[in-house]
Amino acid sequence: MLLPIVCMNLKQAKYGDALEILSGKLGSLLMIEVDKLRIQGRLLAQSGDFAAGANTYQKILELCPDDWECFLHYLGCLLEDDSSWSNGVNGDPVHPPKFVECTVSHLTDEVLNSRLSNASAFLLKFQVDANNCFLRGPYLAILEIERRRHLYGKSNYDDIMKALIQYFFKFGHLACFTSDVEMFLQVLTPDNKMEFLEKVMKGTNSLPTIPTKVLGLSITAFKIQQLIGNIDKVPVVEHEALAGQMVEMYWKSLPLSKGLDPQESMHGEELLSMTCSVLVQLYWRTRHLGYFLEAIMVLEFGLTIRRYVWQYKILLLHLYSHLGALSLAYEWYKSLDVKNILMETVSHHILPHMLLSPLWVDLSNLLKDYLRFMDDHFRESADLTFLAYRHRNYSKVIEFVQFKEQLQRSNQYLVARVESPILQLKQRADSIEEEEGVLESLNCGIHFVELSNEITSKTLTFNEDFQSRPWWTPVPGKNYLLGPFEGISYCPKENLTKEREENVRRVIERKSLLPRMIYLSIQSASVSLKENAEVNGSMSEPKISSELKFLLERYAKMLGSSLTDAIEVVMGVSTGLKSSEAFGSDTVDWLNFAVFLNAWNLNSHELSQPGGDQCGHTWHNVDTLLDKHISEKARSMESLICFPGGDLPTLVQLVTEPLAWHGLVLQSCVRSSLPSGKKKKKGGPAEHSTSQLSSTIRDSIDSSCSIVEEVAKWIRDQIKRPEDEVVEIILSSLRKKGQGEGPGLVFRILESFMSSIDEVELGSRISQAVKSWSHVDVARKIVTGSSTVLSEFLRICESKIKSLQALKRQMAQV
């Protein structure tokens, strides 16, 4: 009972009561001394007793001198600054921050300098004691103290530089060096940064003779050069040369790893990741496809030598996704063997791509595995918490509770919960009977409307590990390669959480309405062609119309318009009075809106034209919009291989969402139009209206079928191209002509490796791996991967064509 009481007092800001409990007999229940000190330190600091808090955190540092979070709290107490708590250091066990944005100190300069000097003296003791150890914390802490001095107004660039150089001499050979010092480099002037780079470059030649340390220092020099060296300003030829130097250094470092186990990390592995980064920037800068393909070749070469390098696999995942070979991207994702909590922190690399792809079987498995893990974890979290209580590991109790709350509010979890049923609806859209079965299992979409109502009050969490993402796509939905070159060679991780939360919230809200709107659209189409006003005895005609209109108003609002304005936009774009740019980046959502608007108008006739067809014009608008944005896009698209990052995901979405939902409306109309055996009265306005609608439906079926056939034709043209022809296109883009700039340098270096293998120097395992690599096989793999995606898309289109042709035959009976 101790921990809940303390936590309750903490939440109620009763810090004194909590400290009294912790100091009493109940406090002895905390068996782990450091845990007890952590709680005491936080309580003292938040109660305003900063001196006692600093002493407490100092005790923790004496026990755990490499505890960075504790050091931040210690410094916060010394400077009487609560930023380390208000910025959530304790609040996010998934992403504890490396540093905090401190507030301007209220202390006098004399007191401030005295306390920072005392902190430096305290930490220097650990540097002496840990002289032969690998404790980085005390050295980084000195850098943080100098950063604070700078932020509080002291121009101490020389002191920061001195601490940085000291840290480089001590830890410059470690892979983590650049990420460790990145935040401290940010306070330096451009001239200071270049001075630091010069000292780093000199240091790589004058320091140790141990080959592995020399290699580590050289890699660090490359990283610092990418971080602050303005690589994007250098000529393309020099940029190419840098990529070549990295690959050559990798090759020369291979003998250092010949005795390692295949599962051990090899020396210099980072060099190929860095080469990939340079080549991708060259592609972005010049739009030469060859650089992009060279990046793939380099990584595939590295994975041939050691297939366990997850960094290469993640980079390839993103490269293949951008190239349109999503089946290869998914294969590399599966090879990561993502399990347990990694499904929450790592799946962001592939899930957004898969949601826009035609690889429905793989997407279904991905969503099922993810949701199964999350649901199992929620069930098991109570047992884990109880187990931690039994063992009196109270810090773990807090961690488990916080972690469960983090996962329950996960944006990715909510997206998966909504996308899973939508995928089922897409998969069954060519059969209205199967679709109705899915809708029935979803309670006709009512639950998801409730979720859409709730999402506005939820605070979403982002638990993904964005540090593992390549710089060109720092978060899902953002890809620098799709836009103009902006001179980014190394992109510091951006703080896009607030922007992403708003975007994800809007997407979940909109998507949550889809199942219900699909259900109501089917019902609305059905009652518009039936004599009775009841649909399966469930809802009356007015209720269907009023609820669908209400949801249309909500959907329009999420698109940034009122219902009236949204109708005007749809009508304007379909008639050519407005440009398609009026839809912005939400084309799929606007076309969904147009489809549901037409279904609603079938029943309500509120958009009827005076003296004209009651609903024909809305049908025509939908047909025009679908043709404009699907058929025309298919006609304008080029080869996926030659033009990566194209419109294929959008094309897939348009066919599998708005066109599919429109197909369901058509199926509902046709089913209700078929003779039921009842004799109807001939003649009169009703029969004339029904005849008009039947003609409109026939035209719409013909239009939809023609649209999908156009897409299918484009896909077949892509697939039937001879494989050897496409492979040759890929390889020709890697063959540099003349001495000028252009892709091919790195590729030639890789080829030269193949002709200079020294089995004695490299060892049998590495030699055999190198010999097994083939650039032709990689090119053929790319072609096969793209064809697999297109083949799945073609299967979807052919199923829709078959369904629409069946509707044509049924309408012939009407």
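This is a predicted model: local features need pLDDT of at least 70, side-chain atom pairs count only at pLDDT 80 or more; totals for chains, interfaces and linings use all residues.
Is Tyr 139 buried or exposed, and what is its relative accessible area? Tyr 139 is buried, because its relative accessible area is 7%, and the cut-off for that word is under 20%.

Let me begin with the overall picture, which is that the count of aromatic pairs comes to 20. One of these joins Tyr 139 and Phe 171, whose ring centres are 5.4 Å apart and whose planes make an angle of 80 degrees, and that arrangement is called edge-to-face. If you follow the chain, you will find Tyr 139 in helix α8, which covers residues 137-151, and Phe 171 in helix α9, which covers residues 157-171, so that the pair links distant parts of the chain, 32 residues apart. Phe 171 is buried as well, with a relative accessible area of 2%.

Trp 471 counts as buried because its relative accessible area is 7%, and Trp 472 counts as buried because its relative accessibility is 2%.

Finally, I would like to show you a ring with a charge over it, namely Tyr 283, where the charged end of Arg 287 sits 5.5 Å from the ring centre.

Conventions. Residues are numbered from 1 along each chain as its sequence is written. Side-chain values use heavy atoms; hydrogens and water are left out. Rings of Phe, Tyr and Trp (its six-membered ring) pair if their centres lie within 6.5 Å; planes under 30 degrees apart count as stacked, over 60 as edge-to-face and the rest as tilted. Helices (H or I, at least four residues) and strands (E, at least two) are DSSP runs, numbered from the N terminus. Buried means under 20% relative accessible area, exposed over 50%, partly exposed in between (1.4 Å probe, protein chains only). A charge sits over a ring if NZ of Lys or CZ of Arg is within 6 Å of the ring centre and within 35 degrees of the ring normal.
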